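Biologist: Hi! Could you walk me through this structure, starting with some of its aromatic residues?

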Amino acid sequence: MKRGRKTNEGNSSSSEETTEKESKRHRVIDEKTLVVQSPDWANLLQDIILQVFQYLPLLDRAHASQVCRSWNQVFHMPDLWRCFEFELNQPATSYLRATHPELIKQIIKRHSNHLQYVSFKVVDSSKESAEAACDILSQLVNCSLKTLGLISTARPSFMDLPKSHFISALTVVFVNSKSLSSLKIDDTPVDDPSLKVLVANNSDTLKLLKMSSCPHVSPAGILCVADQCHGLRELALNYHLLSDELLLALSSEKHVRLEHLRIDVVSENPGQTQFHTIQKSSWDAFIKHSPKVNLVMYFFLYEEEFDPFFRYEIPVTHLYFGRSVSKDVLGRVGMTCPRLVELVVCANGLRPLDEELIRIAERCKYLSAVGLGECEVSCSAFVEFVKMCGGRLSQLSIMEEVLIPDQKYSLEQIHWEVSKHLGRVWFPDMMPTW
C-alpha cells in the first residue's frame, strides 16, 4: 500500500512537472508569435505611408517624419507636396491652429517647384494673416500651379490689404504658372489689369474661374477672360459683371460649352443698388450654345429690388432666395423658369404660398429638390404639390412650422400622405438642412 502511494505521488509530481513545462513552452511560443505579429512600421511600403501623410495636418506630418529614415524620405517626396493648403491665422484672434511659419519657409525652399494644387485658407479677419498669404504667393516664383484658391472664412481679410500689394503677389503666380486651370479668388481686390495678365499666360488652360465679390473687376474685365479663354467651363461671378456681351461671348463658336454658371445677386443696402436687365435674346443664344449648362442664381435682395427679374423666361436651373421673397416673385418664378431643378426659399412672410407652389409644380417639369424655411403652405396645397411632382422629388426639405393644418390634413396625417406620393418615408424637418 505504501509503495502504491509513493508511485501515485511520483506520478502526480511527474504530471505537474510536465504541465509546467508545457505551460512554459506555450508561453515561449506565444511570445514568439507576438514578436512575429508586431508590425514593423519602418518597413511599410512608401506608397502606403504617402497616402497616410496626405491626410495629416502639416505639423503632424512633420512630427511623423522624425520617426525613422523611411518616413522622412516620404516627407520629402514630390508627390506629397503637389496638393497643399496653407492655413493662416493669428493666435490672438483665432483658436484654430495655423501653419507654422518655419514649416512654410521649409516648404517654399524645398518644394515650391513641386506645388501644383494650392489653396490659402485665412480663418480670421486679421490683416496680418492676409499679408502672410500674399508674402507666400510672392515667393512662388519657381512653381507652375494648376489650381489656386484664396479662401477667406472671415471678412474683410484680403479686401483689407493695399490693392497694389495683393495684385503684385497674385501676378507672380499668373506669370509663372503657364498651365493654371482653376482659379478661386472670391472677396479679393483683383482688378482688370491683373485679369489681363492671367489671360496672357493661361488662356489655353483656364477652365474654372470663381470670383464673386470682387468689386474692382468691371464687366469689360470679365469679358476679356471670356473672349480669350475658350476652354472655360465653369464661371462664378456677381450679377453686376453679367452682361449681354458676356453671354454672347460665352456662346461663340470658338468657346466650349459652359457646364456651370453661378451668379450672385447681392444687395447690401436696400434701394441703393440699381440692377440692369439681361435681354432674352442673350439668354436664348447662351442656352442654345450650352443646352446642358447648370445656371445657379443666389438672390440676397430686399423685396422691392426684384422688379427687373423674372419678367420673361430665364434658363435658371438652381434658384436660392437667401432673404424674404414675395408671393408675386415666386409666382413669376413658376411662369419664367421651365428648366428649374432646385428651389430654396429661406423666408417669405405670413401669406400662404399655395397657388405659387402649384404653379411651379405645373410649369417646372424638372424640379427635383425643394427647400422651404420661414414660409406658410396649407397641408392640402402641399400634398397636391407633392402629388403633381411625384417621385422626381429626390430632396424635399420642409420645416414643420411651414405646414398649416386644414380641414383635410393634420400634421400627423400629412407625413403618411406625402410619403405615399414620394414612394418613400418622409417627415418634415425640425431645422433647415440646406
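**Aromatic rings and their surroundings**

Modeller: Happy to! Phe-299 and Phe-321 are both buried. Keep in mind that this is a predicted model.

Biologist: How are the rings of Phe-299 and Phe-321 arranged?

Modeller: That pair is stacked, because the planes are at 25° and under 30 degrees counts as stacked. The ring centres are 5.6 Å apart.

Biologist: And where in the chain do those two lie?

Modeller: Phe-299 is in strand E8 (residues 294-300), while Phe-321 is in strand E9 (residues 318-324), so the pair ties together parts that are 22 residues apart in sequence.

Biologist: Which residues form an aromatic cluster with them?

Modeller: The cluster holds Phe-299 and Phe-321 along with Tyr-239, Phe-275, Phe-306, Phe-309 and Phe-310.

Biologist: Nice. How many aromatic pairs does the structure hold?

Modeller: There are 16 aromatic pairs. One of them joins Phe-75 and Trp-81, and this pair is edge-to-face, with 90° between the planes and 5.4 Å from centre to centre.

Biologist: Are Phe-75 and Trp-81 buried or exposed?

Modeller: Phe-75 has a relative accessible area of 5%, so it counts as buried, the cut-off being under 20%. Trp-81 is buried too, with a relative accessible area of 0%.

Biologist: What lies over the face of Trp-81?

Modeller: That would be Arg-61, at 5.1 Å from the ring centre. Elsewhere, Arg-262 lies over the face of Tyr-298, at 4.0 Å from the ring centre.

Biologist: Switching to the surface: which residues make a nonpolar patch?

Modeller: Leu-45, Ile-48 and Val-52 make one, with an area of about 280 Å². Ile-48 is found in helix H2, which covers residues 46-53.

Biologist: Why is Ile-48 called partly exposed?

Modeller: Its relative accessible area is 42%. Buried means under 20% and exposed means over 50%, so Ile-48 falls in between.

Biologist: Now the whole chain, please. How many helices and strands does it have?

Modeller: The protein chain has 15 helices and 14 strands. It has 434 residues, and buried ones make up 46% of them.

Biologist: What about its accessible surface?

Modeller: That comes to about 22,700 Å², and 52% of it belongs to carbon and sulfur atoms.

Biologist: Last one: what share of the contacts joins residues 24 or more positions apart?

Modeller: Among contacts in the chain with a separation of 6 or more, such residues account for 73%.

Key. Residues numbered from 1 in each chain as written. Predicted model: local features only at pLDDT ≥ 70, side-chain atom pairs only at ≥ 80, totals over all residues. Heavy atoms only, no water. Patch = residues over 30% accessible without salt bridge, like charges linked within 9 Å, V, L, I, M, F, W, Y side chains within 5 Å. Areas by Shrake-Rupley, 256 points an atom, 1.4 Å probe, with all protein chains shown as cover. Salt bridge = Lys/Arg side-chain N within 4 Å of Asp/Glu carboxyl O. Helix = DSSP H or I, 4+ residues; strand = E, 2+ residues; numbered from the N terminus. Buried < 20%, exposed > 50% of the residue type's maximum accessible area, 1.4 Å probe, protein only. Phe/Tyr/Trp six-rings, centres within 6.5 Å; stacked < 30°, edge-to-face > 60°. Lys NZ or Arg CZ within 6 Å of the ring centre and 35° of its normal. Contact = heavy atoms within 4.5 Å.
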